[in-house]
Amino acid sequence: MQSFLFSDLSASERQKLCQRNSATEQADIFALCKEIEARVLLEGDDALFEYAQKFDKAELSALLVSEQERAESKSIDAQLKIAIKQAADNIRRFHEQQKCSKIEVETMPGIKCWREDRPINSVGLYIPGGTAPLFSTVLMLGIPAIIAGVKNIVLCTPPNTAGKIAPGILWTAQLLGIDSIYKVGGAQAIFAMAYGTATLPKVDKIFGPGNQFVTTAKQIVSAHTAIDMPAGPSEVLVLAEAGANAAFVAADLLSQAEHGADSQVVLVTDSVQFAENVEIQLQKQLTTLPRKDIAIESLKKSFVMVCDSIIQGLEFSNQYAPEHLILHVNDWQTLLPDIEHAGSVFCGAWSTESAGDYASGTNHTLPTAGFARSFSGVSIDSFKKTITFQHLSRDGLSALGATIQTMARAEGLDAHANAVSIRLATDD
C-alpha cells in the first residue's frame, strides 16, 4: 500500500486520493453500459442469453431458476443453514425496529396533517455471484423488503460456468420465500429489471451492490427507475491510533480487499511506526488467504494516510466518505459526534466489519465511492414510499384562508386563491 503524510499533501492532492475512478475509466465503463442497455432494450431475452455466454461463460437453456434447481439447494451444509438462520434472526430483529407508527399533527385548530407508508409494489434485488456468491446480500435485501410489505420480489444473480446459481443463494432466497430467481448478472441484469423482457418483469425499484458496471447501470436507469443507491466495489477506511492491534487492523483491511480487485482499503493513523507494523501483518496474513491474488490487486490501489492526530484523521475520513468506517480507537465514543459521512461505522477493536457484513443485524448494502455524503444504507424505508394526508374543516380553512389567498395572489396564481374564497363564500 502506498503511504502518504497528510501534512505533505495539498488540499487538491488529498481530494484526488478520495476519487475512486479516473474520468477515463468512468467514461469507458459508461460507454460499455450504454451499449449493453441498447441491446437489452432491442433484443430482450436474446441479449441476456448472449451476455451470459460472453461474460459468465454459461450456456443457458432458461433464465428462470427451475423448481428442481431450487429443491437441489436444500443439500447445503447443515451448519451453514444454522448460521444463515441466526443471521436472519438478527437482521430481522434490527429492521423490525425501523417500523414507524403514524404521526398525526394538528397544525392549527381544524387542520390535521399526517403521513402513511405504502410498500413499493415490485422490487428487483441484484445479488453479486461472480467470484464470491453473496447469499448474505439476499438476507440484507430480502428481509427489509418483506418487513416493508413488498408484494413482488425479483432476484437476479449471475450463473457459474455450468449455468447454475450458487446453492447458498438459492437456499437463502427460499428461506425468505423468494421464488422469482433469474440467472442474469452484470449491467444487463439491471437493464432487464428496469425495462422488462419477455421473461423478466419490469420492477419499480432496483436494489443491490455490484461492480463498477452494475453501479453505472443503476445510475443510468435511475432517470426513470428508482434505485437504492450507488453501491459499487467494496471499500473500508480504518482509523487507528498508535496503540491499536496491528494484526486486527490488517485483518480488517484484508477482509475488504478480498472482495474484488476493484475494492479499495485505506488505513488512516497517527503513527508511521504503526503503519509499518500493519504492513508487516498484511504480508503475513496474505500468505494464508485463498483469495490472495485478488487482495493483492486491491492493495495496489489502496493507501495509508499518516496524520498528525486522530482528529485530523477523522477529518480526512469525512472527506473520503467511506462505505465502512472502523474506529480502532480506545475513546471511540468521543469521535462519534464528528462523523459526518460514512455508510456504516464499527466502533472499537472487537467490532470487525465482518460482523456487519453477515450477522450483527445492520444492513451491509451501503453507499460507496463517496456517495455516503448524500445516501444512506438500505433500511425498510428504502422499500417504502410515504404519502401525506390532510383534512381541513370549514373552521380550519376559515382560519387559514387569508394566508393562502395572500400568498397565492402574490405569486400570480389567482385560481389558487379562488379555490379558497369560493368555499368560504358558501353557506353550507
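How many of the 10 residues of H7 are buried? Seven of them are, which makes H7 a mostly covered helix. Here, buried means under 20% relative accessible area, exposed means over 50%, and partly exposed lies in between, using a 1.4 Å probe and protein chains only. Helices (H or I, at least four residues) and strands (E, at least two) are DSSP runs, numbered from the N terminus.

Before going further, a word on the model. This is a predicted model, in which local features need pLDDT of at least 70 and side-chain atom pairs count only at pLDDT 80 or more, while totals for chains, interfaces and linings use all residues. Residues are numbered from 1 along each chain as its sequence is written, and side-chain values use heavy atoms, with hydrogens and water left out.

## The whole chain

The protein chain holds 16 helices and 14 strands. Its C-alpha atoms fill a box of roughly 85 × 60 × 45 Å, taken along the principal axes. Of its 428 residues, 49% count as buried. A contact means heavy atoms within 4.5 Å. Among contacts between residues at least 6 apart in sequence, 74% join residues at least 24 apart.

## A parallel sheet

Five strands form an open sheet in the order S6-S5-S4-S7-S8, with parallel pairing. Strands of a sheet pair through backbone hydrogen bonds, either parallel or antiparallel. Two strands count as paired if DSSP finds at least two bridges between them. At the edges are strand S6 (180-183) and strand S8 (226-227), each pairing on one side only.

S4 is a mostly covered strand, with five of its five residues buried. From S4, Ser 122, Gly 124 and Tyr 126 point one way, and Val 123 and Leu 125 point the other way. Gly 124 has Val 154 in S5 as its bridge partner, and Val 154 in turn has Ser 180 in S6 as a bridge partner.

Elsewhere, strand S9 (residues 235-240) runs parallel to S10, and Glu 235 stands opposite Gln 264 in S10.

| Strand pair | Bridges |
|---|---|
| S4 and S5 | five bridges |
| S5 and S6 | four bridges |
| S9 and S10 | six bridges |

Just after H7, Gly 177 takes a positive phi of about 90 degrees.

A nonpolar core is a set of buried Ala, Val, Leu, Ile, Met, Phe, Trp, Tyr and Cys residues joined through side-chain atoms within 4.5 Å. In soluble globular proteins, nonpolar side chains tend to be buried together. The largest core here has 35 residues, and those with the most contacts inside it are Val 123, Leu 125, Leu 139, Leu 155 and Phe 383. The elements giving two or more residues to this core are helix H5 (78-96), strand S4 (122-126), helix H6 (135-148), strand S5 (152-157) and helix H7 (167-176). H6 gives the largest share, eight residues.

Leu 155 touches residues including Leu 125, Ile 169, Ala 173 and Ser 180, not counting residues up to four places away in sequence. A second, separate core of 31 residues includes Leu 48, Met 193, Val 203 and Ile 227.

Where does Ser 263 sit? Its place is in the loop between helix H10 (246-257) and strand S10 (264-269). Ser 263 is buried, with a relative accessible area of 1%. Among the residues it touches, not counting those up to four places away in sequence, are Pro 233, Ser 234, Gln 256 and Lys 301.

S10 itself is mostly covered, with six of its six residues buried. Gln 264, Val 266 and Val 268 point one way from S10, and Val 265, Leu 267 and Thr 269 point the other way.

## A pocket

A pocket is an open set of points on a 1 Å grid over the protein atoms alone, where a 1.4 Å probe fits, with protein on both sides within 12 Å along at least five of seven lines; lining residues have an atom within 4 Å of a point. The second largest pocket is lined by 36 residues, of which Gln 19, Arg 20, Asn 21, Gln 26 and Ala 369 lie nearest its centre. Elements giving two or more residues to this lining include strand S1 (2-5), helix H1 (11-17) and helix H2 (23-43).
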